[in-house]
Amino acid sequence: MGEKRSLLKEGIVFLCTWVTNKLGLLLPAIVLLMILMIIDYISGMLAAKKEALEDLANCKYGWSSKKSLLGIYKKIGYMLTVLVAVCIDYMIFKFSNELGLDYTSNTFFGLIVAIWFVINEILSILENIGRMGTVLPDFLKKVLVELRKKLNDEDK
């Protein structure tokens with residue numbers, strides 16, 4: 001029993017080491033993105049619950065589990081998009097080596113997409129905090145508005 005457990009631990013360590021080696025800078029960005037997605041989901045739920053309690057006082061009810069499920073789908077979409085970007089990176093890296101081209105980075109698009117989603121999650125968390133009634137400092141509001149405008153302009 002102890003041997004199986006030790007072998008399992010060694011396998012997990014090997015797998016984690018291999019993934020870290022392959023992903024390089026992308027791994028911390030993905031871990032940060034996953035942490036921020038959890039925080040965003042929780043802060044969104046808390047903000048929605050607060051708004052629902054306020055709506056109950058006005059005989060309205062606006063909190064919905066459907067929105068919660070849509071939020072989960074959105075987070076899954078984020079991770080799938082990062083995965084697609086990593087696949088594109090892999091194809092470019094693999095084929096450039098086959099063609100004799102020097103392409104040193106193997107996580108360029110994956111890293112850009114992950115960082116873009118990290119910024120988006122941070123903005124969403126700040127919006128949720130504001131929806132919960134916390135007063136954000138003016139400079140943070142200005143940065144939030146500018147970043148949101150720039151992100152929305154790039155979406156068009």
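This is a predicted model: local features need pLDDT of at least 70, side-chain atom pairs count only at pLDDT 80 or more; totals for chains, interfaces and linings use all residues.
Asp40 and Lys75 are joined by a salt bridge, with their closest N and O atoms 2.4 Å apart. Because Asp40 belongs to helix α2 and Lys75 to helix α3, the pair ties together parts that are 35 residues apart in sequence. Asp40 is buried, since its relative accessible area is 6% and burial means a value under 20%. Lys75 is buried as well, with a relative accessible area of 11%.

The chain around this pair is built of helices. It holds 5 helices and 0 strands, and from the N terminus on the elements run α-α-α-α-α. Of the 156 residues in the chain, 23% are buried. Among contacts with a separation of 6 or more, 70% are between residues 24 or more positions apart. The chain exposes about 11200 Å², and carbon and sulfur atoms supply 71% of that area.

The search for charged pairs can now be widened. Side chains of opposite charge can pair when their charged atoms come close. Over the whole structure, 3 salt bridges are found. Besides its bridge to Asp40, Lys75 forms a salt bridge with Glu121, where the closest N and O atoms are 2.9 Å apart. This pair links distant parts of the chain, with Lys75 in helix α3 and Glu121 in helix α4, 46 residues apart. Both Lys75 and Glu121 are buried.

Another bridge is formed by the side chains of Arg131 and Glu51, at 2.9 Å from N to O. Arg131 lies in helix α4 and Glu51 in helix α2, so this pair ties together parts that are 80 residues apart in sequence. Arg131 is partly exposed, with a relative accessible area of 33%, and Glu51 also counts as partly exposed, at 28%.

Ser124 lies in helix α4, which covers residues 108–131. With a relative accessible area of 16%, Ser124 is buried. When its neighbours within four places in sequence are left aside, Ser124 is in contact with Asp40 and Arg148.

The largest nonpolar core has 12 residues: Leu26, Ala29, Ile30, Leu33, Leu36, Met37, Tyr78, Val82, Ala114, Phe117, Val118 and Ile125. Helices α2 (26–57), α3 and α4 are the elements that give two or more residues to this core. The most comes from α2, with 6 residues. Tyr78, a member of the core, touches Met37, Phe117, Asn120 and Glu121, not counting residues up to four places away in sequence.

The buried residues of α3 are Ser68, Gly71, Lys75, Tyr78, Val82, Ala85, Asp89 and Ser96. An α-helix has 3.6 residues a turn, so residues three or four places apart point the same way. After α3 comes Gly100, whose phi is positive, near 85°.

The surface also carries a nonpolar patch. Leu69, Leu70, Ile72, Tyr73, Ile76, Leu80 and Leu83 form this patch, with about 660 Å² of accessible area together. One of these residues, Ile72, is found in helix α3. Ile72 is partly exposed, because its relative accessible area of 34% falls between the limits of 20% for buried and 50% for exposed residues.

Ile88 is also placed in helix α3. Its relative accessible area is 38%, so Ile88 too is partly exposed. Ile88 and Phe108 are 20 residues apart in sequence, and their C-alpha atoms are 9.2 Å apart in space.

Key
Residues are numbered from 1 along each chain as its sequence is written. Side-chain values use heavy atoms; hydrogens and water are left out. Helices (H or I, at least four residues) and strands (E, at least two) are DSSP runs, numbered from the N terminus. Buried means under 20% relative accessible area, exposed over 50%, partly exposed in between (1.4 Å probe, protein chains only). Contact means heavy atoms within 4.5 Å. A nonpolar core is a set of buried Ala, Val, Leu, Ile, Met, Phe, Trp, Tyr and Cys residues joined through side-chain atoms within 4.5 Å. Patches are made of residues with over 30% relative accessible area and no salt bridge: like charges are joined within 9 Å, nonpolar side chains (Val, Leu, Ile, Met, Phe, Trp, Tyr) within 5 Å. Accessible areas come from the Shrake-Rupley method with a 1.4 Å probe; for residues, only the protein chains shown count as cover. A salt bridge is a side-chain nitrogen of Lys or Arg within 4 Å of a carboxyl oxygen of Asp or Glu.
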